[in-house]
Amino acid sequence: MTTFDPIYSILYIDDEENNLISFKSTFRRDYHIHVASTGKVGLDIMEKHNIQLVITDQRMPDMSGIEFLEKIVPLYPDCMRMIMTGFSDMDAIIQAINKGNIYRYVSKPWNREELKITIDSALEVYNLKSQNRHLIEDLKEANQNLERKVMERTKQIEQQRLNITDSIHYASRIQKALMLPSEELDEIFPSHFVLNKPKDIVSGDYYWVSQKGN
């Protein structure tokens, strides 16, 4: 059986004071125990403390255990939830599973060793869920960093491409400046044509023309 350090916090809700006292005295050395006699007090405790496991009685005057769990599901989705009651109500069990998303349905009176095994099992599931959430967050962060690096590298490559293209265009202008314009060629060779069609921007060929005296 796994032994936990008292680092996990448990909230136990029950409208009978004796049950609260008994639960707290039994498990106070194993966990941080918070108790509440009503669902409203339980909600206040949830707001002030980081609760990993909620165990609640089902039949209570202000709100039932299922109603309480239904309220906290969207607010504290990672928190584990258990119903503990002395009534065997199949409809309540079904509602607890469907609405409260409970981990276990525990019957009263409870046995310390059996209940502790169930609690430890629930906390193990909580721990695994937390680890999985952290792994997903780390993976998302790693993907975001990778996407940012890819974008930065893409911009660098595009800038390099633009720089190279600018250099090639500049070389093309120099090449054209070295070649005689058509007007001067007309004076030297009245009947002529030049076919200069570079495969790329810059041609690998140059032509040179000069006129010597008769």
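Predicted model: local features only at pLDDT ≥ 70, side-chain atom pairs only at ≥ 80, totals over all residues.
Strand E4 sits in an open sheet of five strands, within a protein of six helices and five strands. Of the 214 residues, 29% count as buried. From the N terminus on, the elements run β-α-β-α-β-α-β-α-β-α-α. Here is a tour, starting with the sheet and moving out to the loops and helices.

**The sheet and strand E4**

- Strand E3 (residues 53-56) pairs with strand E4 (residues 80-85) in the parallel sense, over four bridges.
- Strands of a sheet in general pair through backbone hydrogen bonds, in either a parallel or an antiparallel way.
- Across the whole open sheet, the strand order is E2-E1-E3-E4-E5, and the pairing is parallel.
- The edges are formed by strand E2 (32-36) and E5, each of which pairs on one side only.
- From one strand to the next, the twist averages 20°.
- Helix H5 packs on this sheet and touches E1, E3, E4 and E5, with its direction at about 160° to that of E4.
- How enclosed is E4? Six of its six residues are buried, so E4 is largely enclosed by the rest of the structure.
- Met 80, Met 82 and Met 84 point one way from E4, while Arg 81, Ile 83 and Thr 85 point the other way; all of them are buried.

- Gln 52 lies in the loop between helix H2 (39-48) and E3.
- Its relative accessibility is 6%, so Gln 52 counts as buried, the cut-off being under 20%.
- A polar atom of the Gln 52 side chain lies 3.3 Å from the backbone oxygen of Asn 50.
- Setting aside neighbours within four places in sequence, Gln 52 is in contact with Ile 7, Tyr 8, Ser 9, Cys 79, Met 80, Leu 123 and Tyr 126.

- Asp 14 has its place in the loop between strand E1 (9-13) and helix H1 (17-27).
- Is this residue buried or exposed? Asp 14 is buried, with a relative accessible area of 0%.
- Its side chain has a polar contact of 2.7 Å with the side chain of Tyr 12.
- A polar contact of 3.2 Å links the side chains of Asp 14 and Asn 19.
- Not counting residues up to four places away in sequence, Asp 14 touches Asn 19, Leu 20, Ala 36, Ser 37, Asp 57, Met 60 and Lys 108.

- Most peptide bonds are trans.
- Pro 109 is found in the loop between strand E5 (104-107) and H5.

**Where H1 meets H5**

- The axes of H1 and H5 come within 12 Å and cross at roughly 75°.
- The two helices H1 and H5 are therefore roughly perpendicular to each other.
- Which residues in H1 and H5 meet? Phe 23, Thr 26 and Phe 27 in H1 meet Arg 112, Leu 115, Lys 116 and Ile 119 in H5.
- The residues of this contact divide into four nonpolar, one polar and two charged.

**Arg 112 in helix H5**

- Arg 112 lies in helix H5 (residues 112-178).
- With a relative accessible area of 29%, Arg 112 is partly exposed.
- The Arg 112 side chain makes a polar contact of 3.2 Å with the side chain of Glu 113.
- Leaving aside neighbours within four places in sequence, Arg 112 is in contact with Thr 26, Phe 27 and Asp 30.
- Arg 112 and Phe 23 are 89 residues apart in sequence, and their C-alpha atoms are 9.1 Å apart in space.

**Contacts across the chain**

- Among contacts between residues at least 6 apart in sequence, 63% join residues at least 24 apart.

How values were computed:
Residues numbered from 1 in each chain as written. Heavy atoms only, no water. Buried < 20%, exposed > 50% of the residue type's maximum accessible area, 1.4 Å probe, protein only. Polar contact = N/O pair within 3.5 Å; in protein donor to acceptor, adjacent residues only side chain to side chain. Contact = heavy atoms within 4.5 Å. Axes fitted to C-alpha atoms, helices over the stretch in contact; angles between N-to-C directions. Parallel < 35°, antiparallel > 145°, perpendicular 65-115°, else oblique. Nonpolar A, V, L, I, M, F, W, Y, C, P; charged D, E, K, R; others polar. Pairing = 2+ DSSP bridges.
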